Each structure stands twice: as structure tokens, then as C-alpha cells.
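This briefing goes through selected local features of one protein model. Please keep the sequence and the coordinates open while reading.

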Amino acid sequence: MDWKRTREALADEPAYRMRQVKKALFVDLIENWEEVTVLPKVLRDKLATEYPLGITAKTLVSSDNATVKALITFDDGKQVETVLMRHNSGRNTVCVSSLVGCPMGCTFCATASMGLVRKLTADEIVLQVLFFARLLKSEKVRVGSVVYMGMGEPFLNYEAVMESVHILHDPEMFGIGARHISISTCGILEGIQRLANEDLPVNLAVSLHASNDVVRGEIMPIGRTYSIEKLMEVIDEYVRVTKRKVMFEYLLVDGVNDTDDHAIELGKILKGKLCMVNLISYNPTGKYTATSEKQINHFKSLLERAGVDVAIRYRFGRDIEGACGQLATRKSNE
Ligand code: SF4
């Protein structure tokens, strides 16, 4: 399905036609133009011939049914993975990709091994949400939140990401509240600064993953460009402008960034900030081993002792390689 081309095809139609089509595609979640009986038959036939609604995807479901991973293939054959996470609370979250591959080179991340293949368009990002919205329709539930934490650094594709955010938020389309949309960055300072001035109050998540520049630089090449001190300066300014809490992601890797000293160091950096920390267990991608559950809990308690708001993030989809840092595609992207 190509929403941009469909929009262009309707440019000469009266404005109410666009509203009818938006409702059909993004609220009623139709998969066949024949279902849109409010449109004249001639227009339905034209749309069906020239703007098919299919999405090419293969899915994998985790053993506990809580996670569905979809491998989506675009018109040029390039592929991304996108993940649906079903929370116990009933909320359904889609984790979208914003690039095919990623050039940022984080050593714990499977996507990094692909390098940058290309950026996604806004429509290709939205398509990932639409795919799962259609899947959930039969259960009479909707996508409640979207996180930009899949393949690729979102701020390397800033314009397309923000355009997709507006489509997801548009009350005539998905109608997802801005506070239920989160963008995660490895720490592109210019992106954080731009986001602070956007009109939609989406959430910011920052992948920190280390408590000092030496460790961060080893596992995240961006840590050699921007120090943690500089990153925190920009985040402090973001919080000052937006008054919104920042979420820090911290992936615990055995023997790399998970010692008591690291926790104490991290606590000193984050103490007093309007933030929360998500501790994430490393999902095997070959290079490292995961921190023990006992040490994860201890790390958490040390942060709490420092006055930092902290939680351990539930591991979605580990058995289908749909968990954090495990997304990567090979075939068709080479
Ligand atoms: S962790 Fe994120 S920024 Fe780093 S290589 Fe993977 S996708 Fe890119």
C-alpha cells in the first residue's frame, strides 16, 4: 500500500472524499477498496487497480503469544522488522523501524551489522503500524502506543519520522495520543534539540547504556563524538523547555557496564533529573553475555538508593529474536 500515491490520486476529489478514505484506511482498517461503499464504484475500481492495499509481510509469534514480529517487504524489495508487544494491561505497542539497517555501529546491536541500507519514508514507517492495526482488528483491539525503537537511529531520518508521528497522531487517522508515542535515540544531540521545539509532546528515550565515556565509547561509537556530560547538558535543556520526563535506556551487559561501581556512577549522573531509567537485560546477539537476574536487581536497588526512578523492562519476544537489539534482516537488503 502506498498512502502518498493514494493521497495524490485523490487530490482533485472534493475534500470530504479524503476524509472518507482516511476513515476507511486508518479507522475501519479496510484491506479491499470494495469495502468502501461510500465511494462511487468508478473511483473504487480505479483505486483497486492502481493503488492496491496489500502489505507484504511474514510474521513470527513468540511462545507466550505476547510478541509478534513481522518482516515487512517494501516495493523495492528492502525489508525491515517491526514488533507488536501485547502488555498484560491490555495495551498494544508497536515498535517501528525508521531505517533499513543502521550506521551507528553499537556493538551489542544486530541491526548495526547491516550498516545503513536506506532511510524509510514516512509512509513506510506508518505501514508498520497499519500492518499490526489490521492484525488486531479481528480481536476488536487497537494499537495503543508506538515506540521508535526498532531498526535504525530515528534522528538520522528526522523529517520522515516526524511526518509519520503526525500521521499516527492525526485524529482522522490513527488518533494515537502524543504521550503514547516515544522516540528513542542513541544520543544525536541535534535531534534532541529539534524535538524539544516540536509542537507534539511525544516522549524522548535516550539509549545511555554506560555510566562513563570510556565504556560508552567502547560499545557505542557515538560516545566518542559526544561525551556523557555534553549529552546531559542537552537533555537538561530539553527538560527545561518541554517540562517532560526523559526515559534512559540502560542495557546491562555482563562484565561491561553492570558492576556496582557503574550503578553508583550512574546514580550520581542522574540524581535529581526529571527522568526514569529502564534496565534492559542483554538479548544475545552473539558478542556478549547477559547480566544475571540477581545483579540486575542489585543494580536497580543501587540506583534507587541514589534516588533515581528505575524499572526493569520486561523482555518481549526473545525466542523469536524480536527483543531489543536483536532486529536485523539480511536477505533482500544486500
Ligand atoms: S542500537 Fe540503535 S543506534 Fe545503535 S546500531 Fe542499533 S539501531 Fe543503530
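The model is predicted. Helix 9 spans residues 260-270 and has five named buried residues, while helix 6 and helix 8 pack with their axes 9 Å apart. The salt bridge count comes to 20.

- The buried residues of helix 9 (residues 260-270) are H262, A263, L266, G267 and L270.
- These residues lie on the same side of helix 9, because the arc they cover around the axis is only 135°.
- D261 and K268, on the other side of helix 9, are exposed.
- Several elements pack against the buried residues of helix 9: among the helices are helix 7 (213-219), helix 8 (228-242) and helix 10 (293-305).
- Strand 10 (246-252) and strand 11 (275-281) also pack against the buried residues of helix 9.
- G272 follows helix 9 and has a positive phi, near 85°.

**Helix 6 and helix 8**

- Two packed helices are described by the angle between their axes and by the distance between the axes.
- For helix 6 (residues 189-196) and helix 8, the angle is about 5° and the axes are 9 Å apart.
- Angles under 35 degrees count as roughly parallel, so helix 6 and helix 8 are roughly parallel to each other.
- Helix 6 contributes L189, I192, Q193, L195 and A196 to the contact.
- Helix 8 contributes K230, L231, V234, I235, Y238, V241 and T242 to the contact.
- Helix 8 also packs against the buried residues of helix 9.

**T93 in strand 4**

- T93 sits in strand 4, which covers residues 92-95.
- The relative accessible area of T93 is 4%, so T93 is buried.
- A polar contact of 2.9 Å links the side chain of T93 to the side chain of H87.
- Apart from neighbours within four places in sequence, the residues in contact with T93 are V83, L84, M85, H87, S145 and V147.

**Salt bridges**

- Side chains of opposite charge can pair when their charged atoms come close.
- E8 and K4 form a salt bridge through their side chains, at 3.8 Å from N to O.
- E8 and K4 are four residues apart in helix 1 (residues 3-9), so about one helical turn separates E8 and K4.
- E8 is partly exposed at a relative accessible area of 49%, and K4 is partly exposed at 46%.
- D28 and K23 form a salt bridge in which the closest N and O atoms are 3.1 Å apart.
- D28 is partly exposed, with 31% relative accessibility, and K23 is partly exposed, with a relative accessible area of 45%.
- K41 and E34 form a salt bridge in which the closest N and O atoms are 3.9 Å apart.
- K41 counts as partly exposed at 44% relative accessibility, and E34 counts as partly exposed at 36%.

Note on methods
Residues numbered from 1 in each chain as written. Predicted model: local features only at pLDDT ≥ 70, side-chain atom pairs only at ≥ 80, totals over all residues. Heavy atoms only, no water. Buried < 20%, exposed > 50% of the residue type's maximum accessible area, 1.4 Å probe, protein only. Helix = DSSP H or I, 4+ residues; strand = E, 2+ residues; numbered from the N terminus. Arc of directions from axis to C-beta. Contact = heavy atoms within 4.5 Å. Polar contact = N/O pair within 3.5 Å; in protein donor to acceptor, adjacent residues only side chain to side chain. Salt bridge = Lys/Arg side-chain N within 4 Å of Asp/Glu carboxyl O. Axes fitted to C-alpha atoms, helices over the stretch in contact; angles between N-to-C directions. Parallel < 35°, antiparallel > 145°, perpendicular 65-115°, else oblique.
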